[in-house]
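Biologist: Please take a close look at the aromatic rings of this predicted model. I would like to know how they pair and what lies around them.

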Amino acid sequence: MKTIGLVVGHHCDTALEIKAAILAKDASVTVLLDEGDFVEAPADATARKINNFNAVKRLQKAGADVIGFACGCPHRFFAELQTEFTVRLIDPACDSGRLSAAEYAQALLTADVAPLPKPFKVGMIGGLGPA
């Protein structure tokens with residue numbers, strides 16, 4: 001059984017719309033929602049990155065096989081965020097804009113759940129190596 005995590009952020013209505021679209025297509029899927037650190041909208045890009053990182057980390061720890069976002073904001077730093085995790089993240093937007101709830105639900109449902117290779121980072125201490 002597939003477990004999909006959704007970072008809610010300030011978009012509860014969108015998250016519920018995506019969740020409903022997922023369950024309409026496959027009722028056997030478990031959908032986890034994380035509202036986490038999003039008490040108020042972060043003022044800067046670094047805070048948004050940190051909030052999204054923390055939410056993804058919690059969803060991965062909770063057992064999500066694949067993780068999506070109710071907000072399109074992570075599209076701007078999506079590649080950077082994905083390098084931090086072995087769980088597959090699904091970008092909520094494409095070159096032509098934000099995906100509809102039905103399109104995004106389909107992308108989440110059909111995403112490969114095989115873990116990505118362990119992130120490889122350049123550290124200040126210890127040089128190169130797996131994180």
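**Aromatic pairs and their surroundings**

Modeller: The count comes to 2 aromatic pairs, where rings of Phe, Tyr and Trp (its six-membered ring) pair if their centres lie within 6.5 Å, and planes under 30 degrees apart count as stacked, over 60 as edge-to-face and the rest as tilted. One of them joins F53 and F85, tilted at 40 degrees between the planes and 5.1 Å centre to centre. This pair links distant parts of the chain, 32 residues apart: F53 is in helix α2 (residues 45-61) and F85 in the loop between α3 (78-82) and β4 (88-89). Helices (H or I, at least four residues) and strands (E, at least two) are DSSP runs, numbered from the N terminus.

F53 is partly exposed at 25% relative accessible area, whereas F85 is buried at 4%; buried means under 20%, exposed over 50%, and partly exposed in between (1.4 Å probe, protein chains only). The rings of F69 and F78 have centres 6.4 Å apart and planes at 85 degrees, so this pair is edge-to-face. F69 is buried, at 1%, and F78 is buried too, at 13%.

Residues are numbered from 1 along each chain as its sequence is written. Local features in this predicted model need pLDDT of at least 70 and side-chain atom pairs 80 or more, while totals for chains, interfaces and linings use all residues, and side-chain values use heavy atoms, leaving out hydrogens and water.

F69 is also among the residues with the most contacts inside the largest nonpolar core, which has 29 residues; such a core is a set of buried Ala, Val, Leu, Ile, Met, Phe, Trp, Tyr and Cys residues joined through side-chain atoms within 4.5 Å. The elements giving two or more residues to this core are β1, α1, α2, β3, α3 and α4. The largest share, 5 residues, comes from α4.

In α4 (residues 101-110), the buried residues are A101, Y104, A105, L108 and L109. They fall within an arc of 135 degrees seen down the helix axis, so they line one face of α4; the arc is that of the directions from the axis to the C-beta atoms. Their cover includes β1 (3-7), α1 (12-25) and β3 (66-69), by contact between heavy atoms within 4.5 Å. The ring of Y104 has R98 over its face, 5.7 Å from the ring centre; the rule asks for NZ of Lys or CZ of Arg within 6 Å of the centre and within 35 degrees of the ring normal.
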